[in-house]
Amino acid sequence: PQGIGSPSVYHAVIVIFLEFFAWGLLTAPTLVVLHETFPKHTFLMNGLIQGVKGLLSFLSAPLIGALSDVWGRKSFLLLTVFFTCAPIPLMKISPWWYFAVISVSGVFAVTFSVVFAYVADITQEHERSMAYGLVSATFAASLVTSPAIGAYLGRVYGDSLVVVLATAIALLDICFILVAVPESLPEKMRPASWGAPISWEQADPFASLKKVGQDSIVLLICITVFLSYLPEAGQYSSFFLYLRQIMGFSSESVAAFIAVLGILSIIAQTIVLSLLMRSIGNKNTILLGLGFQILQLAWYGFGSEPWMMWAAGAVAAMSSITFPAVSALVSRTADADQQGVVQGMITGIRGLCNGLGPALYGFIFYIFHVELNELPMPESPAGGSVVTQYHLQQNSIIPGPPFLFGACSVLLALLVALFIPEHTNLNVRSSSWKKHCGSHGHPHSPQAPGEAKEPLLQDTNV
């Protein structure tokens, strides 16, 4: 097979690292270009762009996952990385086209889906969780380092160099896939012809969500995930713009904030999470994470000074334990043949939130008239006084209304999570799901008896 060596997790890790390192370099330049391109209703336009991208990714991920079962993973790794990184050079060529292509690129911006499928092909079931963790940690590591590097290079050499460097790294990633990444899906597992039909059931992004109401415990878990992840997805889309333009952070301060938050989150999701799971139990860990998230969002909402943002960021790192704890609860309480069903529902809900959250946050900023049209770029110490004067002009006692809305949403999630039992057996009727997932696997290939294959859509609904 084409590529260097046998398929391995390290091939997938390098692909993810290079893609998100390239985008991380552009954190500071993107915030500047966004404000310059949309001087009025900046938060609303940012929310709409990210919302369209998220919804398109949610709708297309199952179809791309199903097609990769037919045509192999390598070609779809190449396709998703190319279209995800296609907007990068347009930042300096045409900012309007840059943001237009970003929103449309959501159709193919599902690299994680294909990477998780690639990893599932080459790992045993007992190795998979660790392999997925390695991929996720690599994603976090790329974002810890790259924004700071991009901010430094932009300040010293200008944003044009940063865009050129990011474009070069994206091209390197594409070349790495072409030359070095071997195909992970064996030839015998693929259909005899490339014209193999893909059914609507395989491409239906709502397939997993349709089973949410079939078990009361699953329903409680899914409502908790929706109410807690909706504000989180919105926050990711607008928070760094908020720090840069409203709170008066410099490019370097935003990059340092991302790095510190990333490092603290990694510590929280490894050491702290394992200690909490052993000492207070799974359900209490979820409740604690939701409590930290309420505190963090309320602090963001009422905070008007930079030190408050830093303090709330430390709390945000602790709130990152919620989703791993929910996944662990599902994996411990669901039967072996139910794992893919319930995890698929949760992943599908998170994918839906990635589209709804940014649009919702942008709309709330718009309703409360948090605009940037009177606010110059705060690069000097005088920027702080301009920001304060701006808030006084707005007569707003809540600098960040969407964050306060998010805190109320997570409070509802906490109340729902109180009713989730610590120990239970999840029971989702999954006969049609198994048939559905089986058809997602390799429908033209016989499977050895007793060789359980994990449903691909467990991960491609993201």
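Trainee: How many aromatic pairs does the structure hold?
Mentor: A pair of aromatic rings is described by the distance of the centres and the angle of the planes. Rings of Phe, Tyr and Trp (its six-membered ring) pair if their centres lie within 6.5 Å, and planes under 30 degrees apart count as stacked, over 60 as edge-to-face and the rest as tilted; the structure holds 22 such pairs. One of them is the stacked pair of Phe239 and Tyr242, with 6.4 Å from centre to centre and 25 degrees between the planes. This is a predicted model, in which local features need pLDDT of at least 70 and side-chain atom pairs count only at pLDDT 80 or more, while totals for chains, interfaces and linings use all residues. Residues are numbered from 1 along each chain as its sequence is written, and side-chain values use heavy atoms, with hydrogens and water left out.

Trainee: Where do Phe239 and Tyr242 sit along helix α11, and are they buried or exposed?
Mentor: Because they are three residues apart in α11 (residues 216-245), Phe239 and Tyr242 are separated by about one helical turn; helices here are DSSP runs (H or I, at least four residues), numbered from the N terminus. Both residues are buried, where buried means under 20% relative accessible area, exposed over 50% and partly exposed in between, with a 1.4 Å probe and protein chains only. Ring pairs also link Phe239 and Tyr242 into a cluster whose members include Phe43, Trp310 and Phe403.

Trainee: At what angle do helices α2 and α6 pack?
Mentor: Two packed helices are described by the angle between their axes and the distance between the axes. Axes are lines fitted to C-alpha atoms, for helices over the stretch in contact, and angles run from 0 to 180 degrees between N-to-C directions. Helix α2 (residues 27-37) and helix α6 (residues 95-104) pack at about 110 degrees, with their axes 10 Å apart, and are therefore roughly perpendicular to each other; angles under 35 degrees count as roughly parallel, over 145 as roughly antiparallel, 65 to 115 as roughly perpendicular and the rest as oblique.

Trainee: How do α3 and α6 pack?
Mentor: Helix α3 (residues 42-71) and α6 pack at an angle of about 30 degrees, with their axes 7 Å apart, and they are therefore roughly parallel to each other. Contact means heavy atoms within 4.5 Å, and on the α3 side it is made by Ile49, Gln50, Val52, Lys53 and Leu56, which meet Phe99, Ile102, Ser103 and Val104 of α6.

Terms used:
Helices (H or I, at least four residues) and strands (E, at least two) are DSSP runs, numbered from the N terminus.
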